[in-house]
Amino acid sequence: MDRNQEIALTQMRKSVEKLGSSTESYGEKTLMRFLIARSMNQEKAAKMFCQWKKWRAEMVPLGYITDSEVADELAAEKIYLQGLSKNGHPVVMVKSNKHFPSKDQVQFKKFVVHLLDKTIASSFNGRETGNEKLTGIVDLQDITYSNADLRGLITGFQFLQAYYPERLATCYLLNMPQFFVTVWRFVCRFLDKATQEKVRIVTSEEQKQEFIREVGEDVLPEEYGGRAKLALLQNVAVNY
């Protein structure tokens, strides 16, 4: 960590205290995610950090979301946790043709937190370092208009931006049908530039081969050019 980062961290801690909160028990790598997300502006990072702490306390009072709280979403068997990519990032995959807009938005929001928390927790044994990132794969194969969930997509990405800063390494969109191009353009209105730059739409054969190389054949299922089997989210055990 260079001198400028150390100074920014010190100022951020002071700004958090001025806002009536504390950075105690949070390491430098955790705080740096908020600083990076706010272009190293310590006051904006402090505000974001305090909002995040308040949100976590209200949304995740136990520290994690239990399977029973999101049972309906898990029953769709649409999310898979595939292990670590070549870069050491946990790989979470979404089969979009198994997803339908939720009638219970409270449960859906909890499900987003559940899958993000569990994905991150799957990348370490014991205590997290604070700067773990994840790789997302969204397979749009065989989706119809009934699967296209604008609100769900926006909620997922906005949660990443607001409450999981600098957690997303890359998000790959596979097998995008033509009608979804318009949907995605609309969703992009709600994404900041940094998030949009982490999303890769895989279309050409060259892009597919690059996707396989970057993620790794050991974690990609056979149908995506790898050697692994699909592993349902609820069947993967982690320690929070």
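Predicted model: local features only at pLDDT ≥ 70, side-chain atom pairs only at ≥ 80, totals over all residues.
**View 1. Phe 34 and Phe 49 form an aromatic pair.**
The structure holds 14 aromatic pairs. In the pair shown here, the rings of Phe 34 and Phe 49 are arranged edge-to-face, with 5.4 Å from centre to centre and 85° between the planes. The pair links distant parts of the chain, as its two members are 15 residues apart. Phe 34 belongs to helix α2 (residues 28-37), and Phe 49 belongs to helix α3 (residues 42-59). Both Phe 34 and Phe 49 are buried. Together with Tyr 26 and Trp 52, Phe 34 and Phe 49 make up one aromatic cluster.

Tyr 163, with a relative accessible area of 23%, is partly exposed.

**View 2. Asn 131 sits in the loop between α5 and β3.**
This loop runs between helix α5 (105-121) and strand β3 (134-139). The relative accessible area of Asn 131 is 35%, so the residue is partly exposed. The side chain of Asn 131 is joined to that of Thr 129 by a polar contact of 2.7 Å. With neighbours within four places in sequence left aside, Asn 131 is in contact with Lys 29, Arg 33 and Arg 167. From C-alpha to C-alpha, Asn 131 and Ile 120 are 9.7 Å apart in space; in sequence, Asn 131 and Ile 120 are 11 residues apart.

**View 3. Helices α3 and α5 pack against each other.**
The axes of α3 and α5 are 12 Å apart and meet at an angle of about 110°. Angles of 65 to 115 degrees count as roughly perpendicular, and α3 and α5 are therefore described in that way. On the α3 side, the contact is made by Trp 55, Arg 56 and Met 59. On the α5 side, Lys 109, Lys 110, Val 113 and Asp 117 take part. By class, the contact of α3 with α5 comprises three nonpolar residues, four charged residues and no polar ones.

Conventions: Residues numbered from 1 in each chain as written. Heavy atoms only, no water. Phe/Tyr/Trp six-rings, centres within 6.5 Å; stacked < 30°, edge-to-face > 60°. Helix = DSSP H or I, 4+ residues; strand = E, 2+ residues; numbered from the N terminus. Buried < 20%, exposed > 50% of the residue type's maximum accessible area, 1.4 Å probe, protein only. Contact = heavy atoms within 4.5 Å. Polar contact = N/O pair within 3.5 Å; in protein donor to acceptor, adjacent residues only side chain to side chain. Axes fitted to C-alpha atoms, helices over the stretch in contact; angles between N-to-C directions. Parallel < 35°, antiparallel > 145°, perpendicular 65-115°, else oblique. Nonpolar A, V, L, I, M, F, W, Y, C, P; charged D, E, K, R; others polar.
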